[in-house]
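Here are a few exercises to work through with the model open beside you. Try each task before reading its solution.

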Amino acid sequence: MNKMTDKSTIFIFIDDEIKPIAEVQAPVSFELDTRKLTDGPHVLKIVSKDPAGKEGIRKIPFEVRNGPAIVIEGMKEHAVVDGVLPLMINAYGKGDQKSFLISGSETPQSIPWWVWLIIIGFAGWALYYMVRYISIAQ
């Protein structure tokens, strides 16, 4: 048998495209350029056909985020809200794989409730021991 005919053929599709983005012989190393895809959810569909004609399909959902990252503080996804909401919104680009854009890449956030709880607990503990020390010293 010919070496090329005893290998499986792999067809690589993105989303519901009819035409594959690649048709290769197994095994293969493949680079998917996500810069050509829109930001958002996508599905990588791999169809393998062995020399006997049997097919196997594998679907891998993934999300592309090449555009600027958007961070919102003050509202979570699927939240039920009312009234006036104070929101903090930050958007920043990541640069490329050779350089990183530092400007705007850190999003300021409010202090979590548990940090306040630790600070108040520590202050109470310190105040208790300070009062005890003063009462013993007199």
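**Exercise 1: T9 and its surroundings**

The side chains of T9 and Q25 are joined by a polar contact of 3.4 Å (a pair of N or O atoms within 3.5 Å; within protein, one must be able to donate a hydrogen and the other to accept it, and residues adjacent in sequence count only if both atoms are side-chain atoms). Before going on, note that this is a predicted model, where local features need pLDDT of at least 70, side-chain atom pairs count only at pLDDT 80 or more, and totals for chains, interfaces and linings use all residues. Residues are numbered from 1 along each chain as its sequence is written, and side-chain values use heavy atoms, with hydrogens and water left out.

Task: find the strand of T9, decide whether T9 is buried or exposed, and list what T9 touches beyond four places in sequence.

Solution. 
1. T9 lies in strand β1 (strands are DSSP runs of E, at least two residues, and helices are runs of H or I, at least four, numbered from the N terminus).
2. T9 counts as buried because its relative accessibility is 16% (buried is under 20% relative accessible area, exposed over 50%, partly exposed in between, with a 1.4 Å probe and protein chains only).
3. With residues up to four places away left out, T9 touches E23, V24, Q25, V47, S48 and K49 (contact means heavy atoms within 4.5 Å).

**Exercise 2: the sheet**

Task: work out the strand order of the open four-stranded sheet and say which strands stand at its edges.

Solution. 
1. Along the sequence the pattern is β-β-β-β-β-β-α.
2. The open sheet has the order β2-β1-β3-β4, with antiparallel pairing (two strands pair if DSSP finds at least two bridges between them).
3. β2 and β4 (55-64) are the edge strands; each has a single partner strand, so one side of each lacks a neighbour in the sheet.
4. Inside the sheet, β1 and β3 (residues 40-49) pair over six bridges in the antiparallel sense, and I14 has L44 as its bridge partner in β3.

**Exercise 3: the nonpolar core**

Task: which residues make up the largest nonpolar core, and which strand gives the most to this core?

Solution. 
1. The eight residues are I10, I12, I14, A22, V24, L37, L44 and V64 (a nonpolar core is a set of buried Ala, Val, Leu, Ile, Met, Phe, Trp, Tyr and Cys residues joined through side-chain atoms within 4.5 Å).
2. β1 gives the most, with three residues.
3. Beyond four places in sequence, I12 is in contact with P20, I21, A22, F30, L44 and K45.
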